[in-house]
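Please read it alongside the sequence and the coordinates.

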Amino acid sequence: MAIGSLVEMDAKGLSDSLPVVDRQCAVYYTELLVAYKKVLPRQRHKSVGKDTGKTSDL
């Protein structure tokens, strides 16, 4: 889990903190923030709105 402002460094830290198998196989559903698009693999990244229910609201 990453806590803090949602800037590129935080998104990169989140990506780097995941187990290798998750980074290689997971599909990421994130909010519509540009920072995620810069650091997550394009082929496994889906930008969605919070109203879809596919992102967590911890």
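**Structural briefing**

The largest nonpolar core comprises six residues: Ala11, Tyr28, Ala35, Tyr36, Val39 and Leu40. Helix 3, spanning residues 34-39, contributes the most to this core, with three residues. The model is predicted.

**Core contacts**

- Apart from neighbours within four places in sequence, valine 39 is in contact with Glu8, Ala11, Lys12 and Ser15.
- Ala11, one of these partners of valine 39, is likewise a member of the largest nonpolar core.
- In soluble globular proteins, nonpolar side chains tend to be buried together.

**Overall architecture**

- The protein chain contains three helices and two strands.
- Read from the N terminus, the order of its elements is α-α-β-α-β.
- Of the 58 residues in the protein chain, 22% are buried.
- The protein chain exposes about 4,400 Å², of which carbon and sulfur atoms supply 56%.
- When contacts between residues at least 6 apart in sequence are considered, 33% join residues at least 24 apart.

**Tyrosine 29**

- Tyrosine 29 belongs to strand 1, which covers residues 28-30.
- Because its relative accessible area is 37%, and partly exposed denotes values between the buried limit of 20% and the exposed limit of 50%, tyrosine 29 is classed as partly exposed.
- Beyond neighbours within four places in sequence, tyrosine 29 is in contact with Lys46, Val48, Lys54 and Thr55.
- Tyrosine 29 and lysine 54 are separated by 25 residues in sequence, while their C-alpha atoms are 6.3 Å apart in space.

Definitions and conventions. Residues are numbered from 1 along each chain as its sequence is written. This is a predicted model: local features need pLDDT of at least 70, side-chain atom pairs count only at pLDDT 80 or more; totals for chains, interfaces and linings use all residues. Side-chain values use heavy atoms; hydrogens and water are left out. A nonpolar core is a set of buried Ala, Val, Leu, Ile, Met, Phe, Trp, Tyr and Cys residues joined through side-chain atoms within 4.5 Å. Buried means under 20% relative accessible area, exposed over 50%, partly exposed in between (1.4 Å probe, protein chains only). Helices (H or I, at least four residues) and strands (E, at least two) are DSSP runs, numbered from the N terminus. Contact means heavy atoms within 4.5 Å. Accessible areas come from the Shrake-Rupley method with a 1.4 Å probe; for residues, only the protein chains shown count as cover.
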